[in-house]
Protein chains: 2
Amino acid sequence: MSEDQPRRRSERARLAILQATNDLLHENGLDAFSIEAVAARAGVGKQTIYRWWPNRAILVADALLDRDDIGPVPPRNTGDVAADLSRWAGDLAASLGSPRGAATLRMLTAAAIESPETSRRLHEKFSGPLQELATARLAAADDLRTTPGQRRHAVDAIIGFMVFRVQAHQDLTRRGATEMARMVLRGLR
Amino acid sequence: MSEDQPRRRSERARLAILQATNDLLHENGLDAFSIEAVAARAGVGKQTIYRWWPNRAILVADALLDRDDIGPVPPRNTGDVAADLSRWAGDLAASLGSPRGAATLRMLTAAAIESPETSRRLHEKFSGPLQELATARLAAADDLRTTPGQRRHAVDAIIGFMVFRVQAHQDLTRRGATEMARMVLRGLR
DNA sequence: ACCAAACGAGACGGTGCGTCTCGTTTGATC
DNA sequence: GATCAAACGAGACGCACCGTCTCGTTTGGT
């Protein structure tokens, strides 16, 4: 968000905008969300928002990803891949399956569908790291030899399971995700 | 869509609206989509649309689900569960992974996030039947004894894998889905 | 032939969009 | 400390759609 420009940007305004965006999203949902409301709530001119965020979807993604409601957590390495990754899956499910986590994930998904650039950013900051961390743990396993293709399939099955459950408004529990991950990993040997 | 009313509804208008909705969605995408444009394109009064569809999301879902771009296909039963279900997964991936199928799935997802009622309808007409058909095939397997919980996990992992790949704009091929399903099913025994 | 419901058309007030001035503040540079 | 251009808060602007509301007109069941 603040990479190349050599200018003076107001940090106060930036934080107020992100805060107002998060508040409004969790109060009224993505549908009722408007730039106008953010400007009013943040005590900021609309131009200031449009100057730094090209559209609504990117602002939404930026604000949600700045929070640590949900975030890419690395799996441990105790030497037992199945145990490490099923535990990791359980933790992730606990986070994404909570009311707030699920709401955040759904809004992020909608924002990603709204704009390809947002999709890229979401993948760069969340799903991408998640995939990499898990495949890396799989690749580092001494007790399980796998091909890169197999690793991608297994990891995407585990992540996809959770994404699908949340989006279909079906329950996603730590226990269910743990069992499911163990099952997928069993298929890997 | 036409269940309880004893009134006289114009079939001509209904079809024109669904057709116009599909056309506009695939021409301009979900963002640019408006009821106003549908009315103009279909040669219909706005009131006629609002009379039968309570909101934009439900109209979108109805129109997209009326098409057979994507649809719940049953797996075969040749006696070999792994072969049947991995083939089924491959067929589904070929459908959802195509440009048109992927676009449809993404718009349906966005519509489902927009309105809970749409989410319910999407699940009722698409993901629900998909889950049931696949779990039924698993349950009918002579060569593989599974618990209901295991069946749900396996099926949701396979479906979730595809949904996730499409939404993350990652490639979803028949071959990848086939291999992935085979892997999950291997974990089931 | 009757008649009420559904229809096409479009006017209406309201809301938020994205752009565009304003005059004011701010922070890097001299 | 004075200078000065960029960023700022505020809000006016025209525009696109929203969802509701009349209008006559058409339609299909009785």
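Predicted model: local features only at pLDDT ≥ 70, side-chain atom pairs only at ≥ 80, totals over all residues.

**Where the chains meet**

Q: What makes up the area buried between chain A and chain B?
A: About 3,000 Å² is buried there, and carbon and sulfur atoms give 61% of that. On the chain A side, His153(A), Phe164(A) and Met183(A) lose the most area to chain B, together 23% of what that side buries.

Q: Why is the pair Asp156(B) and Arg165(A) called a salt bridge?
A: The rule wants a side-chain nitrogen of Lys or Arg within 4 Å of a carboxyl oxygen of Asp or Glu. For Asp156(B) and Arg165(A), the closest N and O atoms are 2.5 Å apart, so the pair meets the cut-off of 4 Å. Across this interface the rule finds two salt bridges.

Q: How many residue pairs are in polar contact between chain A and chain B, and which elements of chain A touch chain B?
A: The count is 11 residue pairs, both partners being at pLDDT 80 or more.

Q: How do you know what kind of axis relates the two copies?
A: Rotate by 180 degrees, with 0.0 Å of shift along the axis, and chain A superposes on chain B with an RMSD of 0.1 Å. The two copies are therefore related as by a two-fold rotation axis. In chain A, Gly187(A) has the C-alpha nearest the axis, 1.8 Å from it. Both copies use the same surface, since 100% of the contact residues of chain A recur in chain B.

**Inside chain A**

Q: What makes Arg100(A) and Asp69(A) a tie between parts of chain A?
A: Their side chains meet in a salt bridge, 3.0 Å from N to O. Arg100(A) sits in helix 6 and Asp69(A) in the loop between helix 4 (56-66) and helix 5 (81-97), so the pair ties together parts 31 residues apart in sequence. Over all chains, the structure holds 29 salt bridges.

Note on methods
Residues numbered from 1 in each chain as written. Chains lettered and ligands numbered in written order. Heavy atoms only, no water. Buried area = accessible area lost by both parts, 1.4 Å probe. Polar contact = N/O pair within 3.5 Å; in protein donor to acceptor, adjacent residues only side chain to side chain. Least-squares fit on C-alpha atoms with pLDDT ≥ 70 in both. Contact = heavy atoms within 4.5 Å. Helix = DSSP H or I, 4+ residues; strand = E, 2+ residues; numbered from the N terminus.
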